[in-house]
Amino acid sequence: MSSAISTDVLIVGAGVAGLWLNARLRRQGFSTVLVESASLGGGQSTKSQGIIHGGAKYALHGALSGASEAIADMPRRWREAIAGKGELDLSGVNLLSEAHYLWSPGTIAGNLTSFFASKAVRGRVDQVTGSDLPPALQNPAFKGKVYRLAELVIDTPSLIKRLVELSGDSLLAGHDIEPLYAADKHEPEELTGLRVDGREIHAQRVVLSAGAGNAALLKLMKVEHPTMQRRPLHMVMVKGPTLKPLFAHCLGGGPKPRVTVTTHPAADGQWVWYLGGDISEADGVARDPEAQIAAAKKEMGSLLPWVDFSQAQWATLRIDRAEPAQAGLVRPDNAFLFSKKSLMVGWPTKLALAPDFADRVLEKLARDGVHPTPQPKLVGLPKPPMAIPAWDELLP
Ligand code: FAD
């Protein structure tokens, strides 16, 4: 039997939420153990589009809502961290783009112009033209308008790599998890830690940040609330030697982008366009992969007819976003954290909101008077593997 461990905070799930929280806690002197059952970042985090939203997209609903305000500070916090001057030292994380763009194809451009000039979005959104356009849109055939949003796009595999470096000796590969209770009481209120693959880990607090895995963990611990929702997506990837970088929401008539394109480096040096937005939602989810690729080819052909896809390779990826349940499957606005005595559970709801998730846990620890205690170095723990980027797996 492996020897028992005592730690301040035991975290389950090494996506961006668990890894960011772990790094923040360690920086403040807390001892931590972070358990991962599959690969580091291999859930939603490295499959995300890496956009550090600042809320401008939400302004499309017509006015800045609470959501826009809550998220507005995220680009600054990430920018400072990536510059090595923020709450974490994320120097070494690759920025794929300094900005994300809103792009309205010819027909709807007129309506948007007055909206973008309005007070609601002034200072957040600037129109760009000519040589300032994203490289993929610099073509004489391009018609429409492009607006630059002050939102970063980050390379998620390099983010995960850096957060893993900051996790020191705390990572533990573990599959079989059972709750440990005080005095055999078997009540969620009496949780004192977890048994992971037979090893007892005692902790002042247990944080579940296991993304889609939280639902099963909550069931295991007989915690009925909060409940989780999954939002299924059917993403499309295309890799080709002629593709140029593009980071843009292409607008349709409504508040949701018709398609959101981000560009990622493949291991062989080519660019991969990763397509989300409306095309990956309801109708896209209902299509089989072949039909989804055909729909994406048609969409790209009509929006960007000058782009040569003749040598491109296409693939699709089904992945669910995991979030706290909301009425009507709407998108939650903030990181979400629920706590019950020594148990905390949550979802950042966006990669961009990982700092907000960590803030909420740290605030709760401070309110509960949980302080850092020394922990001997953890040696010999089995380590989880790094995730392989989805485009390198699917488009080798
Ligand atoms: P995850 O990354 O899913 O990590 C959870 C981890 O827990 C996984 O590693 C999993 O293996 C592990 N785990 C599960 N069960 C257990 C268990 N029982 N024991 C141990 N470990 C377990 N957000 C943005 O801000 N910008 C974007 O551009 C963006 N694009 C997206 C595009 C797509 C296609 C998707 C799906 C999401 C996107 N998101 C985006 C949302 C963002 O990816 C997620 O909100 C965020 O990554 C969630 O992080 P997480 O750490 O909570 O979950």
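In this predicted model, one aromatic cluster is formed by W273, F309 and W314. Aromatic pairs can be counted as well, and the total comes to six. One of them joins W20 and W78, whose rings sit 4.7 Å apart, centre to centre, with 50° between their planes, a tilted arrangement. This pair links distant parts of the chain: W20 belongs to helix α1 and W78 to helix α3 (residues 74–82), 58 residues apart. Both partners are hidden from the surface: W20 is buried at a relative accessible area of 0%, and W78 is buried too, at 0%.

A second pair worth a look is F142 with W306, an edge-to-face pair with 6.2 Å between centres and 85° between planes. F142 lies in the loop between β6 (125–128) and β7 (144–149), while W306 lies in the loop between α8 (289–303) and β17, so the pair ties together parts 164 residues apart in sequence. Here F142 counts as buried, with 13% relative accessibility, whereas W306, at 23%, is partly exposed.

Oxygen atoms of the ligand lie by polar backbone atoms: 2.9 Å away for Q44, 3.0 Å for L351 and 3.5 Å for A210. The protein covers 93% of the 1000 Å² of accessible area that the ligand has on its own.

How values were computed
Residues numbered from 1 in each chain as written. Predicted model: local features only at pLDDT ≥ 70, side-chain atom pairs only at ≥ 80, totals over all residues. Heavy atoms only, no water. Polar contact = N/O pair within 3.5 Å; in protein donor to acceptor, adjacent residues only side chain to side chain. Areas by Shrake-Rupley, 256 points an atom, 1.4 Å probe, with all protein chains shown as cover. Phe/Tyr/Trp six-rings, centres within 6.5 Å; stacked < 30°, edge-to-face > 60°. Helix = DSSP H or I, 4+ residues; strand = E, 2+ residues; numbered from the N terminus. Buried < 20%, exposed > 50% of the residue type's maximum accessible area, 1.4 Å probe, protein only.
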